[in-house]
Amino acid sequence: MSASKEETVTEGSSLKHVILGTAGHIDHGKTSLIKAVTGIDTDRLKEEKRRGITIELGFAWLELPSGQSVGIVDVPGHEKFVKNMVAGATGIDLVALIIAADEGVMPQTREHLDICKLLGIKQLFLEGSFLEGAPIVRVSSVTGQGIDEFVNVLEGLCQEIPERSASGLFRLPVDRVFSMKGFGTVITGSLMSGRISVGETIMVYPSGIQSKVRGIQIHGQPAEEATAGVRTAINFQGLDRTSINRGDMLARVNTLKPSYMVDVVLNFLGFGKKPLKNRTKVRFYTGSSEIEGNIILMDRDELQAGEQVLAQLRLETPVSLARDDRFVIRSYSPVRTIAGGYVIDPIPAKHKRFTEGVIAHLKYLAKSDPSELVSYQVKESGLQGVSFSDLVIMTNMSEKELEQELQNLLSKKIVLQMDRDKRLFLHGRVFDELQQNALGILKAFHKENPLKPGMIKELFKSKLSKALGFHGFSLLVQTLIKSGLAVQEKELIRLAEHKIALEADQKEIRRKIQKAYLDSGLQPPYFKELITSIGQNAGDMKDVLGHMVKEGVLIKVKEDLYFDRGAIEGLKEKVVGFLRTNGELTTPQFKEMAEVSRKYMIPLIEYFDDTKLTIRVGDVRRLREG
């Protein structure tokens, strides 16, 4: 793979990775300055050459005298292409705001500066700017005046920029996709966090398409791995170019989650003197994506210029973000940058406005540090619990940091693990409430059904909560059994203390049932006939009958057909004796032996087959071996 020259950076340096972005009004010399400094013309499109303006993102690189390598993203200055500028500004560490000496500050100068502030870029490297405290360098791309000073100032600023951690979640916003003959699809972008290696499988979000990394280039040089803070080009195996677009996000499989809603802290810059009203339709920019959506104000109907507020963004297409991700908002029409902020929950539920609990929840998310958020988000997930991967994006912690915090919470039993393989977690307080509710349900069931040995597990689960999933229910049952509070017998669960005891009226029913079966021997009444003869409530009789089967007094041969145990045992002795003497038993011989009609003969002989006493071989029965 050989990406175009604008994608190149030296690799193998132990110095930290830094990305410089340009900003400024159209025709103020951004592209010319980059060419003068690096020798690379970032305007690569025919249309850019013809019109003399930057339309698409351009990329270059520079090796400073210290050996520090700097990736450079050149952005368009024209107001029609500000969305491309926002895509390029994501992931940069510092900005050179370029202002032409003959024109001064212009509309896109201000808008680009606003965008950089909203995206949280802390280092502004300014040429000819009015901003106090920032380094100012006067340069000429034509004569070369000031170029050396520009490079020296850039080197100094690079030393001040903190190194990005490569231990975070791998994420790369796609800002360019192209095909290369012999290599297939190549994707470029600024690696936001984490690291990626050749041979790893990635997922494209929000589509969910998976592909394997075939090759990596960092600034034109092949590399086995790319880490946070670099411009990189990645070649993918078997990935269709048409299946991925600018705005998509690359991450490892199932580490992100697409959502149509995002909870945010929103800073409103203002647009003229008009307030921002609830449900205003806007253009939402984050990473390299542009998505239309509506702003939902949680505690007010409109927002004045300069105000900060908690809000929910409801989007027309899903986005895959993490906590603390920055974004920019532009008005729908006319298109202008009006707001921005950062994400406090990338996968929230739909909130109801002016709800005290919701507002308190959002305030807590906005002020809490990542370690506090772990326990809180597990608790807020309720009975469904929350996965490790969701907690990563909810807290913006590295996997190592999150694992340490969860181990601490697990050791204190503040948090419980529902499933080790799926890494699902449930809050201890939520589980305690579930357990108390479960015990109450079993107690009520036994009170209403004193003769039933237990509650069917599926019925038990349905009585608990619709929100309770399979893993939470399994943990509950295991805990109840392990603690000695409940007993499971096949598909039934009961309180350990539950004992079946007949009331006086039930004892009378039992006496009548037992007499009916004793008197009838091997030709007993079917249950429906028994109800008519005894004249009792069918439900009460069914409960008593079930109790008698559990006691072993009666034997259930098939649905609605029961026999006295003594009668069955007597017939069993005859069958065994006959077979030991004769070896085989025909159906007519069995009928004669049992002295019953066909109505009972077939169920009885099949019962002995089912209970493994006999085995059918053709038209005869034989004793089952063993």
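**Strands, helices and rings**

Tutor: Strand β24 and strand β26 (residues 424–427) run antiparallel and are joined by 2 bridges. Strands (E, at least two residues) and helices (H or I, at least four) are DSSP runs, numbered from the N terminus. Two strands pair if DSSP finds at least two bridges between them. Before we go on, note that this is a predicted model: local features need pLDDT of at least 70, side-chain atom pairs count only at pLDDT 80 or more, and totals for chains, interfaces and linings use all residues. Residues are numbered from 1 along each chain as its sequence is written, and side-chain values use heavy atoms, with hydrogens and water left out.

Student: Which residue in β26 is the bridge partner of V386?

Tutor: F425.

Student: What is the strand order in the open sheet of 3 strands?

Tutor: The order is β24-β26-β25, with antiparallel pairing. β24 (386–387) and β25 (415–419) are the edge strands, each with a single partner, so one side of each has no neighbour in the sheet.

Student: And side chains on a strand?

Tutor: In a regular strand they alternate between the two faces of the sheet.

Student: How many bridges pair β30 with β31?

Tutor: There are 4, and the pairing of β30 (residues 554–558) with β31 (residues 561–564) is antiparallel. K556 has Y562 of β31 as its bridge partner. The hairpin has 2 residues between the strands, and D560 takes a positive phi near 70°.

Student: Now helices. Which residues of α6 are buried?

Tutor: Start with the cut-offs: buried is under 20% relative accessible area, exposed is over 50%, and partly exposed is in between (1.4 Å probe, protein chains only). In α6, the buried residues are V358, I359, H361, L362 and L365. They sit on the same side of α6, because they cover an arc of only 160° around the axis. That arc is taken from the directions from the helix axis to the C-beta atoms. The face turned away from the buried side carries exposed E356, K363 and K367.

Student: What do the buried residues of α6 pack against?

Tutor: Contact means heavy atoms within 4.5 Å. The partners are β16 (259–268), β21 (308–319), β23 (337–345) and α7 (370–380).

Student: Which residues are buried in α11?

Tutor: In α11 (residues 457–464) they are K457, F460 and L464. Their arc is only 60° around the axis, which puts them on the same side of α11. Exposed E458, S462 and K463 are on the face turned away from that side. The buried residues pack against α10 (428–448), β27 (455–456), α12 (470–482), β28 (486–489) and β29 (492–495).

Student: Where is G469 found?

Tutor: In the loop between α11 and α12. G469 counts as partly exposed, because its relative accessibility is 29%. Not counting residues up to four places away in sequence, G469 touches L383 and K461.

Student: How do I read aromatic pairs?

Tutor: A pair is described by the distance of the ring centres and the angle of the planes. Rings of Phe, Tyr and Trp (its six-membered ring) pair if their centres lie within 6.5 Å; planes under 30 degrees apart are stacked, over 60 edge-to-face, the rest tilted. This structure holds 7 aromatic pairs. Ring pairs link Y526, F563 and Y600 into a cluster.

Student: Which ring has the charged end of R423 over it?

Tutor: The ring of F388, with the charged end 3.8 Å from its centre. The test is NZ of Lys or CZ of Arg within 6 Å of the ring centre and within 35 degrees of the ring normal. K542 lies over the face of F527, at 5.0 Å from the ring centre.
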